[in-house]
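Hello,

Here is the structure I promised to pass on. Please have a look at it first, and then read my notes below.

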Amino acid sequence: MDVLIVVDMQNDFVTGALGSSLAQKIVIPLKEYLNSLKEDTYVILTRDTHDESYMESNEGLHLPIPHCLFNTWGWQIVDELKDFKYNRIINKPNFGIGSGTWRNILKDIDVKSITLVGLCTDICVISNALSLKIAYPEIPVRVIERLCMGVTKKSHEDAIATMKMCQVDII
């Protein structure tokens, strides 16, 4: 089965605390892509999820901007994508999900390929793509470049280059 992972398409990354015009540009194309998927694609949505102690966490000390606080507007999926029927929604407390956890999440699926889209290419998309490549070294792991965006255009391009070097297919 083909697996699609939609990474962190949340209000805070699009128009909220960490939003940008770059992130806003991928919302409609991503909606169109989701609506065009084959019915047998297994679609997972991840949500960056923090609690009130975020500012005391290691991430909060390095990125001292409260964002994606559980059950707030910023944590919610952008309106354009919230009604899509995802097979699974995963709240993740930091950038990525480890390779062992990904294997556990996908254990009941006969995975043929894994594709990632979403935000931010240079943080959460790359973290998860590399974890998935480690978990599934013989399965194609892909990133759709036009349906991702980083904090900046340059950091997006740098992350794409890094993933290519690590044998993630960029399409």
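Two strands count as paired if DSSP finds at least two bridges between them. Strands (E, at least two residues) and helices (H or I, at least four residues) are DSSP runs, numbered from the N terminus. On that basis, E1 and E2 run parallel and are joined by five bridges. One example is Val-7, whose bridge partner in E2 is Thr-46.

Before going further, a word on the source: this is a predicted model, in which local features need pLDDT of at least 70 and side-chain atom pairs count only at pLDDT 80 or more, while totals for chains, interfaces and linings use all residues. Residues are numbered from 1 along each chain as its sequence is written, and side-chain values use heavy atoms, with hydrogens and water left out.

The sheet

Six strands make up an open sheet with parallel pairing, in the order E3-E2-E1-E4-E5-E6. At the edges are E3 and strand E6 (169-170), each of which pairs on one side only. E1 is also joined to E4, by six bridges, and these two run parallel; there, Val-3 has Ile-114 of E4 as its bridge partner.

E2 is mostly covered, with seven of its seven residues buried (buried means under 20% relative accessible area, exposed over 50%, and partly exposed in between, using a 1.4 Å probe and protein chains only). Tyr-42, Ile-44, Thr-46 and Asp-48 point one way from E2, and Val-43, Leu-45 and Arg-47 point the other way.

The cores

A nonpolar core here is a set of buried Ala, Val, Leu, Ile, Met, Phe, Trp, Tyr and Cys residues joined through side-chain atoms within 4.5 Å. The largest has 29 residues, and Leu-106, Ile-114 and Leu-116 touch the most other members. Helix H6 (121-135) is among the elements that give two or more residues to this core, and H6 supplies the largest share, six residues. A second, separate core holds 25 residues, including Phe-13, Val-27, Leu-81 and Val-117.

Ile-114 has contacts (heavy atoms within 4.5 Å) beyond its neighbours within four places in sequence, among them Val-3, Ile-5, Leu-106 and Leu-132. As for H6, its buried residues include Cys-124, Ile-126 and Leu-132, and the buried residues of H6 pack against E1, E3, H5, E4, E5 and H7.

Is Ala-159 buried or exposed? Ala-159, found in helix H7, is buried, with a relative accessible area of 5%. Leaving aside neighbours within four places in sequence, Ala-159 is in contact with Thr-121, Asp-122 and Ile-126. Asn-71, in the loop between helix H4 (58-62) and strand E3 (88-92), is exposed, with a relative accessible area of 54%.

The pocket

The largest pocket holds about 220 Å³ of space. A pocket is an open set of points on a 1 Å grid over the protein atoms alone, where a 1.4 Å probe fits, with protein on both sides within 12 Å along at least five of seven lines; lining residues have an atom within 4 Å of a point. The volume is the space filled by probe spheres set on the points, which are joined across faces, edges and corners. Of the 15 lining residues, Phe-13, Leu-18, Cys-120, Ile-123 and Val-151 are the closest to the pocket's centre.

Best wishes
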